Amino acid sequence: MKNRLKVLRAERDWSQADLAERLKVSRQSVNAIETGKYDPSLPLAFKISHLFEMPIEEIFQHD
């Protein structure tokens with residue numbers, strides 16, 4: 001699954017660690033999501049959507 005997480009994070013000048021802290025996940029999880037190695041669970045996708053104040057579909061796109 002493709003996503004815009006890295007771009008959205010960079011626009012806010014957040015490090016992966018900053019985003020991980022806000023989402024209550026590890027920095028490694030953020031890295032894995034950004035690189036497409038891991039698809040977030042639905043609850044985590046909703047947390048990300050809420051944090052960036054965007055619909056899930058604007059952050060994540062099916063390949």
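Colleague: Which residues touch the most other members of the largest nonpolar core?

Modeller: Bear in mind that this is a predicted model, where local features need pLDDT of at least 70, side-chain atom pairs count only at pLDDT 80 or more, and totals for chains, interfaces and linings use all residues. Residues are numbered from 1 along each chain as its sequence is written, and side-chain values use heavy atoms, with hydrogens and water left out. A nonpolar core is a set of buried Ala, Val, Leu, Ile, Met, Phe, Trp, Tyr and Cys residues joined through side-chain atoms within 4.5 Å, with buried meaning under 20% relative accessible area, exposed over 50% and partly exposed in between (1.4 Å probe, protein chains only). The largest one has 15 residues, and those touching the most other members are Leu5, Leu19, Ile48, Phe52, Ile59 and Phe60.

Colleague: And which helix gives the most to this core?

Modeller: Helices (H or I, at least four residues) and strands (E, at least two) are DSSP runs, numbered from the N terminus. At least two core residues come from each of H1 (5-11), H2 (16-23), H3 (27-34) and H4 (42-52). With four residues, the top contributor is H4.

Colleague: What do the buried residues of H3 pack against?

Modeller: The buried residues in H3 are Val30, Ala32, Ile33 and Glu34. Going by contact (heavy atoms within 4.5 Å), they pack against S1, H1, H2, H4 and strand S2 (60-61).

Colleague: Over to Asn3, then. How far from a polar atom of its side chain is the backbone oxygen of Ile33?

Modeller: Asn3 is in strand S1 (residues 2-3), and counts as buried because its relative accessibility is 19%. Its side chain also reaches the backbone nitrogen of Leu5 at 3.0 Å. For the backbone oxygen of Ile33, the distance is 2.7 Å.

Notes. Polar contact = N/O pair within 3.5 Å; in protein donor to acceptor, adjacent residues only side chain to side chain.
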